[in-house]
Amino acid sequence: MLENMKNRRTIRKYTTQDIPDALLNELLEVATRASNTGNMQLYSVVITRDKANKEKLAPAHFNQPMITTAPVVLTFCADANRFVKWAEQRGAVAGFDNFQIFIASTIDAMLFAQSFCTAAEEKGLGICYLGTTAYNADKIIDALSLPRLVVPIVTVTVGYPDGMPDQVERLPLGAVVHREVYTDYTPTSIDALYHDKEELEVNKQFVRENDKETLAQVFTDVRYTKANNEYFSGVLLKVLNDQGFMK
């Protein structure tokens, strides 16, 4: 399992082979064993297989082809709705309409999602996380008819890999691990930690084709601009307010 995790790739192209319901249910069942807040399981997942429904979701994910070509699309949600309804039916008052519970349920949803993905890869499936879920949560809420106290957190496409792409680089362990206390980065350590990433030919090509001076500028000026970050932050804050999580 550790070797598989070391060698994992994000898979964006899939064969036409379907995923049996029995296998999908087994993987989701395994994923429910993941740790969660207070054993409340403040998460849910919406399974999308239908072609028309995938096409309905696609614009919210900027029409990335994985949405319509993967046999299964999973939308993992922070979900306090189910627990609140259970509490109400049992004479309990759940104060779950607040930002604290949104954070707890987001953590739960991500633990559930990652556990599913690890199990799926062990079974020979390929997965791709789509970060666009947080950008267009309002559109996904409409497409999936999500009620109050439910917010989509991450979308995962799943299928049998059609080929194996190259493995994407990662920063060295020293970039992300701190011993006992946080040790802030110096100009010298930043240079050392990002050296190999910046020297990769594929990343140098990104710099050239975007007419930038550094790889960092590709991320800040092209991929994740301040204007876009602020716009989508506004969208998400409105979603959290509309879905009842901002008290």
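This is a predicted model: local features need pLDDT of at least 70, side-chain atom pairs count only at pLDDT 80 or more; totals for chains, interfaces and linings use all residues.
Asparagine 63 lies in the loop between α3 (51-57) and α4 (66-69), where helices (H or I, at least four residues) and strands (E, at least two) are DSSP runs numbered from the N terminus. The phi angle of asparagine 63 is near 55°, a positive value in a residue other than glycine. With a relative accessible area of 53%, asparagine 63 is exposed; the classes are buried (under 20% relative accessible area), exposed (over 50%) and partly exposed (in between), computed with a 1.4 Å probe on protein chains only. Residues are numbered from 1 along each chain as its sequence is written, and side-chain values use heavy atoms, with hydrogens and water left out.

A positive phi near 55° also occurs at aspartate 211, again a residue other than glycine. Aspartate 211 is situated in the loop between α10 and α11 and counts as exposed at 69% relative accessibility.

The protein chain contains 12 helices and 4 strands. Its C-alpha trace spans about 60 × 45 × 35 Å along the principal axes. Of the 247 residues of the protein chain, 38% count as buried. Among contacts (heavy atoms within 4.5 Å) between residues at least 6 apart in sequence, 79% join residues at least 24 apart.

Helix α12 (residues 226-242) comprises 17 residues and reaches 24 Å from its first C-alpha to its last, close to the 24 Å expected at 1.5 Å a residue; the expected span is 1.5 Å times one less than the number of residues. Phe232, Val235, Val239 and Leu240 of α12 are buried. Viewed down the axis of α12, these buried residues fall within an arc of 135° and so line one face of the helix, the arc being that of the directions from the helix axis to the C-beta atoms. An α-helix has 3.6 residues a turn, so residues three or four places apart point the same way. The buried residues of α12 pack against α6, α7, α8 (137-144) and β4 (150-159). On the face of α12 turned away from its buried side are the exposed residues Lys226, Ala227, Lys238 and Asn241. Helix α12 also contains glycine 234, which is partly exposed at a relative accessible area of 37%. Just after α12, glycine 244 adopts a positive phi of about 90°.

For α6 (99-122), the 24 residues should span 34 Å at 1.5 Å a residue, in agreement with the 35 Å between its end C-alpha atoms. Glycine 124, which follows α6, has a positive phi near 90°. Lysine 123 is found in the loop between α6 and β3 and is partly exposed, with a relative accessible area of 46%. Not counting residues up to four places away in sequence, lysine 123 touches Leu23, Glu26 and Leu27. The C-alpha atoms of lysine 123 and leucine 27 are separated by 8.9 Å, the two residues being 96 apart along the chain.

Pockets were identified on a 1 Å grid over the protein atoms alone, as open sets of points where a 1.4 Å probe fits, with protein on both sides within 12 Å along at least five of seven lines; lining residues have an atom within 4 Å of a point. Grid points are joined across faces, edges and corners, and a volume is the space filled by probe spheres set on the points.

Strand β3 provides the largest share, 4 residues. By class, the lining of the largest pocket has 17 nonpolar, 7 polar and 11 charged residues; Ala, Val, Leu, Ile, Met, Phe, Trp, Tyr, Cys and Pro count as nonpolar, Asp, Glu, Lys and Arg as charged, and the others, Gly among them, as polar.

The second largest pocket has a volume of about 230 Å³. Of its 15 lining residues, Asn4, Arg8, Arg9, Glu121 and Leu125 lie nearest the centre. Helices α1 and α6 each supply at least two residues of this lining, and the largest share, 3 residues, comes from α6. The lining of the second largest pocket divides into 6 nonpolar, 5 polar and 4 charged residues.
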